[in-house]
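Here are my notes on this model, as numbered points. Please keep the structure open while you read.

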Amino acid sequence: MPDTIAPHGGTLVNRLASDAERAAFQKRVDALPSITLNPREWADLEMIAVGAFSPLTGFMGQADYTRVRDEMRLADGTVWSLPITLSTQPDVANTLETGQEIALKTPDGDVIGSLTLTEKYAYDKQDEARKVYATDDESHPGVAAVYRQGDILLAGPVTVYALPLHDQFPSHRATPAQTRARFTELGWKTVVGFQTRNPVHRAHEYLHKCALEMVDGLLLHPLVGETKSDDIPAEVRMKCYEALLAGYYPANRVQLSVLPAAMRYAGPREAITHALVRKNYGCTHFIVGRDHAGVGSYYGTYEAQQLFDRFTPEELSITPLKYEHTFYCKACGNMASSKTCPHTKEDHLILSGTKVRELLRNRETLPVEFTRPEVARVLMDASA
């Protein structure tokens, strides 16, 4: 991959089994103990398998877990900000032995991979919550997910024998190897990645186009794994992105591809992981806006941007593009931010998520200054 940025850790991990490995596994799978993955662990397994979580080759052992939790680094010092773990209950863990192969099942009972157990260890859920999520409040969705986990973590390298057969967005699914190949085909040397779990609006568009003035291409990379129940469904968000791209972006400078990861809502720490993941997909730059990956009022507006400053450019090897909160200014007559607009908030059109949902429920048109009409129609149709 001479024309693309190096993956995090230097090597793009591939934990997908060959045909021969798959056939051999089928002969022994019935005799193996098994663990059923929850939706987040299932998504993590796919991210490991395709190299999106490079340099991880499996679920974290205690040395990696502890240092990531406490210092945002793997045991060898490589920057990594979120624990990637597999949990179970003590009664199940007691039946497993290190060195043993364990079949990994989806919530529907399908065997999709295996883990070679290298260790099993207890951990402190509240300590993880306070250090990773900056709160131990179970109202935080990420903290609640940690509290629901089993009390023992299982570690070891994984092998995936069958990637999930996603019914949604098949034409927009690409592995890091595939996006990298596509960027090379397009001749892109510099690529900016954009993370989103929300419908795209004019402020997002403004950030994208500011970034496109500096780089060759944009990877619009919406997360479509597990999110909160009150988040806009992925299929609605994708229709919004497709509608916007069809009318307002140069087709040869944007790629739309989905990210199968689950959302953790870990704010600043998740922003770091989001950047490193996009580096693995081939991005050289990454947009970091206000309250990146946040939820509620748990994190400061620009806390995620500030966290990037704790690491050297060489450690991250992907350039964060930090943007202020953007809005439509009636006095300026265009999109702006506090860096570029001299006017007061009375001139600024800023709609909260609550206000947008209220307008949609009442079948009122969203202002064109807030979102493009094509996107507004998708949202209104979905809320009908």
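1. Cysteine 240 counts as buried, at 0% relative accessibility. Buried means under 20% relative accessible area, exposed means over 50%, and partly exposed lies in between, with a 1.4 Å probe and protein chains only.

2. A word on the basis. This is a predicted model, where local features need pLDDT of at least 70 and side-chain atom pairs count only at pLDDT 80 or more, while totals for chains, interfaces and linings use all residues. Residues are numbered from 1 along each chain as its sequence is written, and side-chain values use heavy atoms, leaving out hydrogens and water.

3. How many disulfides are there? The count comes to 0. A disulfide is a pair of cysteine sulfur atoms within 2.5 Å. The closest cysteine sulfur to that of cysteine 329 belongs to cysteine 341, and it is 3.5 Å away, so it is too far for a bond. Cysteine 329 is also buried, with a relative accessible area of 0%.

4. Cysteine 329 stands opposite histidine 348, which is in strand 15. Strand 13 (residues 326–329) and strand 15 run antiparallel and are joined by 2 bridges. Strands pair if DSSP finds at least two bridges between them. Strands are DSSP runs of E, at least two residues long; helices are runs of H or I, at least four; both are numbered from the N terminus.

5. Axes are lines fitted to C-alpha atoms, for helices over the stretch in contact, and angles run from 0 to 180 degrees between N-to-C directions.

6. Is histidine 285 buried or exposed? Histidine 285 is buried, with a relative accessible area of 17%. It is found in strand 11 (residues 285–288).

7. Helix 3 (residues 62–71) packs against helix 5 (residues 125–132) at an angle of about 45°, with the axes 8 Å apart. That makes helix 3 oblique to helix 5. Angles under 35 degrees count as roughly parallel, over 145 as roughly antiparallel, 65 to 115 as roughly perpendicular, and the rest as oblique. Tyr65, Arg69 and Asp70 in helix 3 meet Asp127, Glu128, Lys131 and Val132 in helix 5.

Conventions. Contact means heavy atoms within 4.5 Å.
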